[in-house]
Every structure is written in C-alpha cells, then in structure tokens.
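Biologist: I have a structure open beside its sequence, and I would like to learn how to read it feature by feature. Could you take me through it, giving the general idea before each case?

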Amino acid sequence: MENHSVKRVLIIEDDTSMLALASRILRKDGYDVFEAMRAEQALELVAREDFHVVLTDIFMPGIGGIEAILRIHQIKPGLPVVVMSAGYGGMPGETATEAAMRVGAAAVVDKPLNAKQMLAAIATAIKGVAGNS
C-alpha cells in the first residue's frame, strides 16, 4: 500500500536563499520537497514525477512564473500551483499575482515568506484538488 500521507511539493525559485527558506519550512512541516532553480528544469520534473502541488516564484530568468503555470497545466491538468511574489521592477506584486490567478494559480503568498501563510496556502491547494476528485 502506497503512503499517501507524505505530500510532494515542487518549489521553483531562482533565489537560493528563498529556495532554501521555503524548502526548510515545508520539510519541517513534513512535506517531501523537490527543488528547481529554473522553470525549464521544473517542467521536466513535472513531466516525469507526481507532485501534490507546485510552489513557484513569478519573476525568474528564462521562463517566468506565469508561463510556467500555463505549461504545468498543459502537462498535468489540475496540478495546483501556488505563487509567491513581491513584485518586480516596475510591476507591483498585485499586478503579477492577479495575472497568476487569471492563468490558474490556486493561491498567492507574499514575499518575504510568512511560514503560516505559505503552509496554509499549500494545504488549501492540496485539499482543493482532493475535494474535487
């Protein structure tokens, strides 16, 4: 019998300190965490692995978070994606997160990360999928 209690999370974040922080918070809460510093790498993982949720930054080099959400949903429809953002350059975080929600993000968490907010968003996203199946 497969152990369904451990939830698998893929984090996409190009900032090494933010990636380490998010990973540490999720591992401490019992999640099995996979990391990718670029969306291109993450998309390969999504294609060959099963995850319960993806946590992604919006602003990254190469494929950004908005495009990543679209491609993730092409590869694995229904896989929830939680976005983390603080805005970037001239684009405020609100504009970026609104765009993410329009393309199918399950939730948005602010940077700097708040552990309780992030864990609640991840749990809610996973529960939302479980409730729909």
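Modeller: Let us begin with burial, where a residue counts as buried when its relative accessible area is under 20% and as exposed when that value is over 50%, with partly exposed in between. Please keep in mind throughout that this is a predicted model. With that cut-off, 4 of the 5 residues of β1 are buried, so β1 is largely enclosed by the rest of the structure.

Biologist: How many residues does the protein chain have, and what percentage of them is buried?

Modeller: The protein chain has 133 residues, and buried residues make up 42% of them. As for its elements, the chain contains 5 helices and 5 strands, and reading along the sequence gives the pattern β-α-β-α-β-α-β-α-β-α. Among contacts with a separation of 6 or more, 71% are between residues 24 or more positions apart.

Biologist: In what order do the strands lie in the sheet, and is the pairing parallel or antiparallel?

Modeller: The order in a sheet has to be read from the pairing of the strands, and here the 5 strands form an open sheet in the order β2-β1-β3-β4-β5, with parallel pairing. The edges are β2, residues 32–36, and β5, residues 107–110, each of which pairs on one side only. On average, neighbouring strands of this sheet are turned by 20° against each other, if direction is ignored.

Biologist: Which bridge partners could I look up to follow that pairing from strand to strand?

Modeller: You can start with β1 and β2, which pair in the parallel sense over 5 bridges, and there L10 has F34 of β2 as its bridge partner. Moving on, β3 and β4 run parallel and are joined by 4 bridges, with D57 having M84 of β4 as its partner. Strand β4, residues 81–85, is likewise joined to β5 by 4 bridges, again running parallel, and S85 has D110 of β5 as its bridge partner.

Biologist: Which residues of β4 lie on one side, and which on the other?

Modeller: The general idea is that in a regular strand the side chains alternate between the two faces of the sheet. In β4, V81, V83 and S85 lie on one side and V82 and M84 on the other, and as all of these are buried, both faces of the strand are covered. Since 5 of the 5 residues of β4 are buried, this strand is largely enclosed by the rest of the structure.

Biologist: Which helix lies across β4, and at about what angle does it run?

Modeller: That helix is α3, which lies across β1 (8–12), β3 (53–57) and β4, and which runs at about 175° to β4.

Biologist: How do α2 and α3 cross, and which residues make the contact?

Modeller: The axes of α2, residues 39–48, and α3, residues 65–75, come within 10 Å and cross at roughly 15°, which makes α2 roughly parallel to α3. The crossing is right-handed, and the contact is made by A39, L43, V46 and A47 of α2 together with A68, R71, I72 and I75 of α3. By class, this contact has 7 nonpolar residues, no polar ones and 1 charged residue.

Biologist: Is T56 buried or exposed, and what is it in contact with?

Modeller: T56, which is found in strand β3, counts as buried, because its relative accessibility is 0%. Leaving aside neighbours within four places in sequence, T56 is in contact with I12, G65, V81, V82, V83 and M84.

Biologist: Where are K7 and P112 found, and how exposed is each of them?

Modeller: K7 is found in the segment before β1 and is partly exposed, with a relative accessible area of 25%. Apart from neighbours within four places in sequence, K7 is in contact with Y31, D32, H52 and I126. P112, by contrast, is found in the loop between β5 and α5 (115–132), and P112 is exposed, with a relative accessible area of 71%. P112 and A86 are 26 residues apart in sequence, and from C-alpha to C-alpha they are 7.2 Å apart in space.

Methods
Residues are numbered from 1 along each chain as its sequence is written. This is a predicted model: local features need pLDDT of at least 70, side-chain atom pairs count only at pLDDT 80 or more; totals for chains, interfaces and linings use all residues. Side-chain values use heavy atoms; hydrogens and water are left out. Axes are lines fitted to C-alpha atoms, for helices over the stretch in contact, and angles run from 0 to 180 degrees between N-to-C directions. Helices (H or I, at least four residues) and strands (E, at least two) are DSSP runs, numbered from the N terminus. Angles under 35 degrees count as roughly parallel, over 145 as roughly antiparallel, 65 to 115 as roughly perpendicular and the rest as oblique. A crossing is left-handed if the near helix is turned anticlockwise from the far one by less than a right angle, and right-handed if clockwise. Contact means heavy atoms within 4.5 Å. Ala, Val, Leu, Ile, Met, Phe, Trp, Tyr, Cys and Pro count as nonpolar, Asp, Glu, Lys and Arg as charged, and the others, Gly among them, as polar. Two strands pair if DSSP finds at least two bridges between them. Buried means under 20% relative accessible area, exposed over 50%, partly exposed in between (1.4 Å probe, protein chains only).
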